[in-house]
Amino acid sequence: MFISFEGIDGSGKTTQARLLAEALRSRGHTVVEVREPGGTHLGEQVRSLLLDSSAAIDPRAELLLFSAARAQLVVEVIQPALDRGATVIADRFFDSSTAYQGAGRDLDEAWMPRLHAFATAGLSPDQTYLIDLDLDTATTRRGTSGEDRMEASGTAFFNRVISAYRELAASSPDRIVVVDGRRTIEDQHLQILSDVLSHTNSEGS
Ligand code: ADP
Ligand code: TYD
């Protein structure tokens, strides 16, 4: 099973991805955790380029760099893990590009789903958990550590990202589950875990 977490920076994705991984491991599942961009030698280098605040990056170049990192991660890590029968938990996947580059950077092109299908060789998460949180709360949670290049994109940018995520969830209700990010860490975890278990049980894995 391939699970992804989505949401704006500071929404709580990493916290929930880790808790889910621990809970599944304690139930005997083999779990592989990945983060985007990153997870491969190429991906980590692309990550440094993309998050480096001093770099000027054109929105199209930005989209292609995120897609390139994703392509490598799928081939090198995600698909082999799925082939071995592992559960893969991804901290972001292609919905991040739709929300951040599509809506955030105004690259809202009809071809975006085809680009994702090309980059991932057709692989899509089975389940996606969108941690939905307002920008003020997410910014407070992120604390005072310095902003990276993406985080410095401004309030209007992030509000477009939040709206795009909600629209994506509404258009893919079978895949994307919206989790209220204002609830406690434990409450969210229990909602996500019970949803994942209902799917793994029905798959028999
Ligand atoms: P993301 O991966 O989306 O950037 P993190 O999981 O790193 O977010 O969480 C950002 C911060 O918010 C962390 O300090 C984390 O402990 C805290 N946090 C996460 N979820 C909650 C929650 N439900 N309530 C309060 N604080 C939270
Ligand atoms: P990261 O620190 O991993 O995310 P977070 O702050 O949510 O824990 O930083 C990744 C940044 O890259 C984040 O700002 C979202 C952005 N991003 C995109 O703009 N497009 C993408 O396709 C992906 C995967 C990430």
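This is a predicted model: local features need pLDDT of at least 70, side-chain atom pairs count only at pLDDT 80 or more; totals for chains, interfaces and linings use all residues.
Which element supplies the largest share of the shell around ligand 2? The answer is helix H4, with four residues.

## Ligand 2

The shell around ligand 2 holds 14 residues, and Asp9, Lys13, Arg92, Ser97 and Gln101 come nearest. By class, this shell divides into seven charged, four nonpolar and three polar residues. Besides H4, two further helices, H2 (41-51) and H3 (59-83), each supply at least two residues of the shell.

Three side chains make polar contacts with ligand 2. Gln101 places a polar side-chain atom 2.8 Å from a nitrogen atom of ligand 2. Taken alone, ligand 2 exposes 540 Å², of which the protein buries 90%. The space that ligand 2 takes is the largest pocket.

## Ligand 1

Ligand 1 also sits in the largest pocket. The elements that give two or more residues to its shell are helix H1 (13-26) and helix H8 (185-203). The largest share, three residues, comes from H1.

Around ligand 1 there are 14 residues, of which Gly10, Lys13, Thr14, Thr15 and Arg183 come nearest. Eight residues of this shell are polar, four are charged and two are nonpolar. Lys13 is named among the nearest residues of ligand 1, and Lys13 is likewise named among those of ligand 2.

An N or O atom in the Lys13 side chain is 2.7 Å from an oxygen atom of the ligand, and one in the Thr14 side chain is 2.4 Å from an oxygen atom. On its own, ligand 1 has 570 Å² of accessible area, and the protein covers 67% of it.

The side-chain contacts of both ligands are collected below.

| Side chain | Ligand atom | Distance |
|---|---|---|
| Lys13 | oxygen of ligand 1 | 2.7 Å |
| Thr14 | oxygen of ligand 1 | 2.4 Å |
| Gln101 | nitrogen of ligand 2 | 2.8 Å |

## Backbone features

Arg92 lies in the loop between S3 and H4.

The peptide bond from Glu36 to Pro37 is cis, and its omega is near -15 degrees. Pro37 is placed in the loop between strand S2 (31-35) and H2.

## Aromatic pairs

How many aromatic pairs does a search of the whole structure find? The search finds seven. One of them joins Phe2 and Phe93 in an edge-to-face arrangement, with 4.9 Å from centre to centre and 85 degrees between the planes. Phe2 belongs to strand S1 (residues 2-6), whereas Phe93 is in the loop between strand S3 (87-91) and helix H4 (94-104), so the pair ties together parts that are 91 residues apart in sequence. The loop that holds Phe93 also holds Arg92.

Key. Residues are numbered from 1 along each chain as its sequence is written. Chains are lettered from A and ligands numbered from 1 in the order in which they are written. Side-chain values use heavy atoms; hydrogens and water are left out. A residue is near a molecule or strand if one of its heavy atoms lies within 4 Å of it. A polar contact is a pair of N or O atoms within 3.5 Å; within protein, one must be able to donate a hydrogen and the other to accept it, and residues adjacent in sequence count only if both atoms are side-chain atoms. Accessible areas come from the Shrake-Rupley method with a 1.4 Å probe; for residues, only the protein chains shown count as cover. On a 1 Å grid over the protein atoms alone, a cavity is a set of points where a 1.4 Å probe fits but cannot get out, and a pocket is an open set with protein on both sides within 12 Å along at least five of seven lines; lining residues have an atom within 4 Å of a point. A molecule sits in a cavity or pocket if more than half of its atoms lie within 2 Å of its grid points. Ala, Val, Leu, Ile, Met, Phe, Trp, Tyr, Cys and Pro count as nonpolar, Asp, Glu, Lys and Arg as charged, and the others, Gly among them, as polar. Rings of Phe, Tyr and Trp (its six-membered ring) pair if their centres lie within 6.5 Å; planes under 30 degrees apart count as stacked, over 60 as edge-to-face and the rest as tilted.
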